[in-house]
Amino acid sequence: MNLKSLRVFVNIMEEGTLARAADKMFLSQSAASRLIHILEEEFQTELFVRDKKRLLPTPCGELFYPEALRILSSIQKLPAYFEQIKSEAAPPLRIICHPRLISGLIVPAIVRFADLEPDIKIKLEVHPRRYLGQQLMYENFDIAVSNLPLPVENLVVETLTTSEVKAVLPRGHELERHSVLGPDLIKDERYIALDETTLLRQLTDLEIARSGRKIIPAYEVSSGSAALGLVRNGLGVTLTDRVMFDHDLSEQITLRSWSPKTRIQVGYCFGKENGLHPGAEVFRDCLVALTREHW
């Protein structure tokens, strides 16, 4: 199999066009097209059909995509594999998660884990939801922590916690006198929203729309920590859930119940490619203990 052809195929699936895939690999479009043709000829399978200027994957192309990712991932891991053999060191515990889970859950869990297993190294990778699914398909992890449902099927997932979305205000804000906030109460405030690719934004927008209301964001940010930081500095109000909440900010911001009620589930799964890492269950236990203590 021609590996460059395989990389062109994956890049077309991810970038959406032959032109962008070719640019990403510093190839001409004609060279990229030839490489796809080589792959199709080798397996006597049509992977794309043309629609105007776009290449649309055939059913075979869609089915082949996850396998192509796994093949390339395995190849990319070879240098690290040989470095591991040469060093004879124990492999690190590989954790992947969303950015929104870092401050409130993942960092406290790592601190607790380090006390229990000081000799186990950790490799933490943080991926936005739109890219986390790709990493899950690679199975290049020992434990993944994510909003549920996961964007990938056929993984055994366990729920850690279900938390309600809360409204977040700067400490001392006049709306603190209300125990429950909703769209009508914050309509005149500057609303700090996560961007539309995030699950929290999608769920809250859906519930707000169902209530017959609408809130126009004054700020849109891609990370929950940025939203909380803007609130802390008095630039507006935002929505969050307990898992994303950074406990170090509790003296600077205030949480209030939110209506319409919106709930978010967080769960985990173990990677199964290389067997269970000796530290994976210990880290899982740290996650479970934290969620029981705080949520």
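A crossing of two helices is called left-handed if the near helix is turned anticlockwise from the far one by less than a right angle, and right-handed if clockwise. By this convention, helix α1 passes helix α4 in a left-handed crossing. The structure is a predicted model, in which local features need pLDDT of at least 70 and side-chain atom pairs count only at pLDDT 80 or more, while totals for chains, interfaces and linings use all residues. Residues are numbered from 1 along each chain as its sequence is written, and side-chain values use heavy atoms, with hydrogens and water left out.

The secondary structure comes to 11 helices and 12 strands, where helices (H or I, at least four residues) and strands (E, at least two) are DSSP runs numbered from the N terminus. The C-alpha trace spans about 70 × 55 × 30 Å along its principal axes. Of the 295 residues, 46% count as buried, that is, under 20% relative accessible area with a 1.4 Å probe and protein chains only (exposed is over 50%, partly exposed in between). Among contacts (heavy atoms within 4.5 Å) with a separation of 6 or more, 74% join residues 24 or more positions apart.

The axes of α1 and α4 (residues 59–76) come within 10 Å and cross at roughly 125°; axes are lines fitted to C-alpha atoms, for helices over the stretch in contact, and angles run from 0 to 180 degrees between N-to-C directions. By class, the contact has 12 nonpolar, 1 polar and 3 charged residues. Here Ala, Val, Leu, Ile, Met, Phe, Trp, Tyr, Cys and Pro count as nonpolar, Asp, Glu, Lys and Arg as charged, and the others, Gly among them, as polar.

Met 13 lies in α1 (residues 3–15). Leaving aside neighbours within four places in sequence, Met 13 touches Phe 48, Pro 57, Gly 61, Glu 62 and Tyr 65. Leu 78, by comparison, is 65 residues from Met 13 in sequence and 24 Å away, C-alpha to C-alpha.

A second pair involves α6 (residues 102–116) and α11 (residues 280–294), whose axes come within 9 Å and cross at roughly 125°. These two helices are therefore oblique to each other, and α6 passes α11 in a right-handed crossing. The contact includes Leu 105, Ile 106 and Phe 113 from α6 and Phe 283, Leu 287 and Leu 290 from α11. Its residues divide into 13 nonpolar, 1 polar and 2 charged.

Helix α10 (residues 224–232) has Gly 224, Ala 227, Leu 228, Gly 229 and Val 231 as its buried residues. These pack against β6 (158–170), β8 (191–194), β9 (219–221), β10 (237–241) and β11 (253–258). Just after α10, Gly 234 takes a positive phi of about 80°.

Finally, the cysteines. With a disulfide taken as a pair of cysteine sulfur atoms within 2.5 Å, the count comes to 0. The sulfur of Cys 97 is 12 Å from the closest cysteine sulfur, in Cys 269, too far for a bond. Cys 97 counts as buried at 0% relative accessibility, and Cys 269 counts as buried at 1%.

How values were computed:
Angles under 35 degrees count as roughly parallel, over 145 as roughly antiparallel, 65 to 115 as roughly perpendicular and the rest as oblique.
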